[in-house]
Amino acid sequence: MTDMPNFGRLLREKNIIFVTLALCVLFYLISPRFLSLDNMSAISRQIVPIGLIALGQYFVVVSGNIDLSMGMGSVLFAIVLGVFFGLTGGVALGIVAVIVCSLALGFFNGVLVAKLKLPAFIVTLAMLFSAQGLSGLIIPRGQQIFLMGDFFRFIGAGKFMGLYWSFLFLVALFVLAYVVYNHTRWGAYVIAIGNSEENARLAGIDVDRVKIGVFMFSALCSGLAGIVLSSRMGFVQPGLDGNGLLLDGIAAIIIGGTLILGGRGTIGGAFWGLLFIGVINNALNLLNVEDVWHQVFKGAVILAALGANWLLWQSRQVEAH
């Protein structure tokens, strides 16, 4: 008799998997081209920048915070890479500059939130506008820096056995994040802070240090997303849609079951949420749906996911009592 309740709980908690697979079947029936190898490969390439944003955002949200600067931050870091490439003709200094700048931005955000006790929403919203403004100052609107060379071709279009290297890199990062989140003290600290910051302090956890760490990791992921995005496009400009990346990344983790209030989520769920967003984006483009309806549809999906997550959280609270 215990198997049926367990099966029901599995359906509730893993519904994103079933929904994603069902959507794949539906879109295949509408357009058989959807499940072609070329299109599946295209999806895997398209979701990499979103996945990097989602992964960084995941740890911030589980800790009970949010980072709104990631999307425009990725555009700013892409421009930093482009400027160094234009000045030196090489890639190494640009990569180092992106890593240093992203970690510095994350550290700055983390200090403001952890040490000065400023709301993460306000701090990172301010950084969003600052990154957007700096991008326009470095490269005036309408201008571009083209990125050419073996490195950018490798990151943007390089393949191994039919799979893009950038996608394989993303999968490896998710696996590493899974190990860190589930099998290290740092992962346990992030969860503890998200559940109750005060209890975490009483348990001896250095809450400020962990908070600064999650914002630095988030910004680093933003920098990596900027590198991948610019390499895929072959140019950088301030008009890149960083906020679209941010919203898709947040949507992915929420749809994957991460509690927006913090303290709960799974890396696997975040990855399936990412696949869901990738499937939706690709299918809407394949079916020639207007861009404005993309946002309407995704907004409805996020709202439904939030409602489902809240109901699941409430059911768990009832079960716990």
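A salt bridge here is a side-chain nitrogen of Lys or Arg within 4 Å of a carboxyl oxygen of Asp or Glu. Keep that in mind, because side chains of opposite charge can pair when their charged atoms come close.

First, the ground rules. This is a predicted model, where local features need pLDDT of at least 70 and side-chain atom pairs count only at pLDDT 80 or more, while totals for chains, interfaces and linings use all residues. Residues are numbered from 1 along each chain as its sequence is written, and side-chain values use heavy atoms, with hydrogens and water left out.

Now the bridges. The whole structure has six. Take E197 and K211: their closest N and O atoms are 2.9 Å apart. E197 sits in helix 10 and K211 in helix 11, so the pair ties together parts 14 residues apart in sequence. Helices are DSSP runs (H or I, at least four residues), numbered from the N terminus.

Is K211 buried or exposed? Buried, at 7% relative accessibility. The cut-offs: buried is under 20% relative accessible area, exposed is over 50%, and partly exposed lies in between, with a 1.4 Å probe and protein chains only. E197 is partly exposed, at 28%.

E197 also bridges to R201, at 3.1 Å, N to O. Those two are four residues apart in helix 10, about one helical turn. R201 is partly exposed too, at 31%.

Next pair: D208 and K117, 3.5 Å, N to O. D208 is in helix 11, and K117 is in the loop between helix 5 and helix 6, 91 residues apart. D208 is buried at 12%; K117 is partly exposed at 48%.

Put together, K115, K117, E197, R201, D208 and K211 form a linked network of salt bridges.
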